[in-house]
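Student: I am new to this structure and would like a close look at one part of it. Please take one chain and then follow its surroundings.

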Amino acid sequence: MSLKLSRLSVRAPDGATLFAGLDLTVVAGEVATVTGPSGAGKSTLLDAIGGHLSPGFHVTGRVFLDGRDVTDLPAEARGIGVMFQQAVLFPHLSVADNLAFGLSPAIRGRLARRMAVAEALAQAGLDGMGARDPATLSGGQRARAALMRTLLADPKAVLLDEPFSALDPGRRHDIREFVLATIRRSRIPALLVTHDRQDADAAGGPVVALT
Amino acid sequence: MNPILTAAALMLSVTPVLSQTWEETLDEARGQTVFFHAWGGDQRTNDFIASVGDEVLERHGVTLQHVRIADTADAVARVLAERAAGREKTGGSVDLIWLNGPNFLAMKDQGLLHGPFVANLPNAQWLDLSEGSANTVDFTVPVEGLESPWRLAKFVFNYDSARIAAPPADMAGWLDWAAAHPGRITHPDPANFMGATFLKQALIELAPDDTDLSVPPTDDSFAKATVPLWHWYDALRPNLWRDGRSFPENESIQQQLLNDGEIDMTMSFDPASAAAAIADGLLPETVRVHVPQAGSIGNVSFVAIPVNAAHKAGAKVVADALLAPATQARMQNIEVLGSFSVLDPAKLDATGQAAFAALPTAPALPALSDLGAVLAEPHPDWMTRLTAAWQDRYTR
Amino acid sequence: MARPLYAVISLRGISGAAIAIAVILPVMIGVVHSALAGFGHMALLGARGPDLDAWRTLLGQPGLWRAVAVSLWTGVAATMISMGLAFGAVAALQDRVSWLRRVLAPLLAAPHAALAIGLAFVIAPSGWIARGLAVGLGWDRPPELATVGDPWGLALILGLVLKEVPFLIVILLGASTQIAMREQMAAGRALGYGRAAVWLWVLVPQLWPLIRLPVMAVLAFSMSVVDTALILGPSNPPTLSVMVARLFADPDLRAMLPASSGALLQLGLTAMAMGLLWAGASVAGIFARAAMRRGVRLRGLDAWLAVPALLLAGLLFLVVLSLAVLALWSVTFTWRWPDPWPQRLSMAAWQGRAGWLSAAQTAFFIALASSGIALILAIGWLEGGDRAGRHGLRGWMRAAVALPLLLPQLSVLIGLSGLLLRLEMAPMIAVVWGHVLFVFPYVMIALAGPWAALDPRMQRTAAALGAGPWRRLLRVKLPVLLAPLMLAAALGFAVSIAQYLPTMFLGGGRVATLTTEAVALSSGSDRRVAAVHATLQAGLPWLVYLAALILPAVIHRNRRALKGEAS
């Protein structure tokens, strides 16, 4: 499995080109890092890859996933999971239902689906928290739940949009290790956006610096 | 002695007592605002009432406020409510009502009317008030001076001669006609005066010969008299507009349906309505008036003063102004309102007769002689029962 | 040491008491009076219940059960369709929200009655659409189709939907700013869900509690509306509301008793429909949750989002046609089937003694007075809250402003006018007060948000500069809040212009406004004069909205920070 960007570039509604002709290949189990100052277009890059650009933005270049051109597909059809900065858990659903929401429909049967969710919760160290309101979780717990939800959907690649920046420094290290290890274990390519050197070092993959 | 005072004293001495009180009435009326509750669904009538308002304001200093009501019953309800609330003799908000038939009977029965006052109006001298004349009986109920006539009403059909030949000569003939032209005729909802009149016209023509419609019906006599009517109506209804399942609310809406081409015929209580509507752009020029061969129901529209009216003097001044020959002639003028006058041509003086003689004519305006016989209104209870029975039978 | 009187009797206390006495209490008393009279007790009529005579009379009305069924069906159907379309349209057009808002704003100001009068002509068998088709299709007579006043109330439902969809869309757009819509949409799509699925599983469940109150208000309104039902609804029998209003107008004053029973029946029916809607939403939620747990992605559903978008376009087209045809009829002399345009134009309807000038003046005065009073009451309460340290719309006031919106107007007004029989109140005063009852909640709700959002530092700064509470209110708060104040007043103005029942019932037919005249004339023979009144009725609130937008912009033309406050 691989994620490949070919001469990727985005033009903003005001006409500015955010990054000119980006080339990058990320192979399965690898975590590539995109760094750069705020305003360099890091989030826009992820939006372009994931298919989440607002109307008015224009993409040139191509995005390939396992050799398949997904550039013109809608977000939901690309099979690219995203983990956002604020770990967007749906506030009206319990933690377990949030995970069940992510779980691929390929897993059938009430029991099988509940088992899969319970297993993911256990993996994330959230045993017994399935019935909880997401708002009662700590930042680190939310991040882990969001990652598990993303992975349960069986994505072919994962995008991580500064997932650690909102965490307090004490927990940051542990969460980062958990996330990176879990992604490597899933054997899928990942792209991490961060402005933190330590994140890039820990990721270990290729580093792209936007200016 | 002051010459003006002398002249005034002379006038007072030669004119009878009646006129003296009229002077007092005029004095009292000056500065009053009269709330005239009258159906407001016809713009020409509204305009005419407004012109009368201009007159009484200019001549007598009375302000006429036309309260446009959708249903005369609203005004009756108001008077009842106010009397119940303790405003028994004065202070009421209704000064003058345009009414007749059941509403008159209801108000008379409950002692809600002021009067008699008609004979004291100066312009009453032009009216035929002899016993049994149309101006003294309202739907078989004696008027007894409690309401003053102002316009003549006679039931007629208006049809579009460009679409259909003359309608059937009698109500029985409607069945075949409607079967041949399904969905092209209707009548207003019988809860409405005009819809009820349509049923009454049919009742008069269809009821067994021994039926006396001038006395209140009993359960028995009503059931017996209406057997042929319901038989006829059951056969007619499926061929009415919208399969006889819904009906225009009133004759104004029905007239609009005729103008829109949705139906071929409408009905009116005003023989001049077709000509008036044509002149006003509200009906095609090809609309003509049709009267059933045996004649049609006719009656007189009245105005009455509630017993608790706050401005009775002003109301009398307005009732009188409505009867002035010049005003009646203007009312009958097809270019103004086109309603037939209630004055007796034989009683008019030369000026009055000249005013009527000078009125313009119109192709859709029937002459008095075309209107046929006047059939007397049944006792009001017949109408109340007809409406209720119709609703019971046909409202599900 | 005793505190001075002005400290004990706070602004919050005074304004709260004023609102309770002038708005909330009368609404409740109205309902209580209906309840007493409905069970046969009305001393004024010498009726000393309790007994069931009034109910017997009511139940004996021909067609009553059909009228009840039609009211329930039209009200629930109009509400569900409006809600479904509003959700669908916002889901389909969420990337064009500001465009949507701009398009809908002017339509919101058009009153129900004006829209209904216009729509009735547009869709009638001999109406504008049919005339447009007639020549091409060779129709020599209008088709025999009951497109207006049909026994199923479909035309009435359409008329209600026309007005409620824009209203609910604006409510939804407001509610959607309270949840993280963009982020959740992206998160849902990244998990493989289509837009429509994210709406169904994620956004609708979160938005529903936020819009539940307005939806229930729409339901209460749709079930008890009289003016629109008179113009578009079935006639034989009519809806329950029309039937009860007719009973109320019966010459026999004792019909007030069954009318009161009818008002109670209306109240119970509305409560039942609200319960049904609530339960329906809960059951739908349970099924949706179960489907969601199966992970159904529903990607194919996105293609169907075009349907609500197209339907919305169709509705907006109908609204524009309805308003345009009013203006056209008002300058028509003759316009007959099957011509698509008037044969002759004329300004006669505007120039004649149509009485529109006095109706417009009366309507304008009542709207100005009632929205002004409502604005002062709302400012008093909100400012009093700030001074007492209890900001915004909370406590009993939250429930209190909802009350007049959730109770059927008919149920309140029949009782109130029964009471008014006893009081010698000038009709104009009674009508203005009746309007305040229904204008106040809208003004309060519209003003509470911007008021609460006011930067508190501005107050502290002004206080630090030595400005007392009144000076701070007059010189800082009100000027800064000018735009939302004007918009709240304009909303109140529009609500007042549209009122039909309060004017009819409390004015006893002696107060003629554009709305009562337009409705009365719509059952007359002269569509041109009715069109003049309806055109004014739609145009007046619109002009006031425009003024409310322009005035603050002109006054604050050199203050960039205050210009965006309009929304």
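Student: In chain A, what percentage of the contacts with a separation of 6 or more is accounted for by residues 24 or more positions apart?

Tutor: The figure for chain A is 72%, where two residues are in contact if their C-beta atoms, placed from the backbone, lie within 7 Å. This is a predicted model, in which local features need pLDDT of at least 70 and side-chain atom pairs count only at pLDDT 80 or more, while totals for chains, interfaces and linings use all residues. Residues are numbered from 1 along each chain as its sequence is written, and chains are lettered from A and ligands numbered from 1 in the order in which they are written.

Chain A contains seven helices and nine strands; these are DSSP runs, helices being H or I of at least four residues and strands E of at least two, numbered from the N terminus. Along the principal axes, its C-alpha atoms fill a box of roughly 50 × 40 × 30 Å. The radius of gyration of chain A is 17 Å, which agrees with the value near 17 Å for a compact globule of 211 residues; it is taken over C-alpha atoms, and the globule rule is 2.2 Å times the number of residues to the power 0.38. Of the 211 residues in chain A, 43% are buried, that is, have 20 or more other C-beta atoms, placed from the backbone, within 10 Å of their own.

Next, the neighbours. Chain A and chain B share no contact, and their closest C-alpha atoms are 48 Å apart. Two pairs of chains touch, and the pair with the most contacts is chains B and C.

Chain A does meet chain C: the contact takes 25 residues from chain A and 23 residues from chain C. On the chain C side, α9 (181–190), α10 (195–224) and α13 (256–293) each supply at least two residues. α9(C) gives the most, with six residues. By class, the side of chain C that touches chain A has eleven nonpolar, five polar and seven charged residues. Here Ala, Val, Leu, Ile, Met, Phe, Trp, Tyr, Cys and Pro count as nonpolar, Asp, Glu, Lys and Arg as charged, and the others, Gly among them, as polar.

Chain C itself is divided into domain 1 (65–329) and domain 2 (348–567), with bounds from an automatic or database domain assignment. The C-alpha centres of these two domains of chain C lie 24 Å apart.

Methods: A residue is buried if 20 or more other C-beta atoms lie within 10 Å of its own, exposed if 12 or fewer, and partly exposed in between; C-beta atoms are placed from the backbone.
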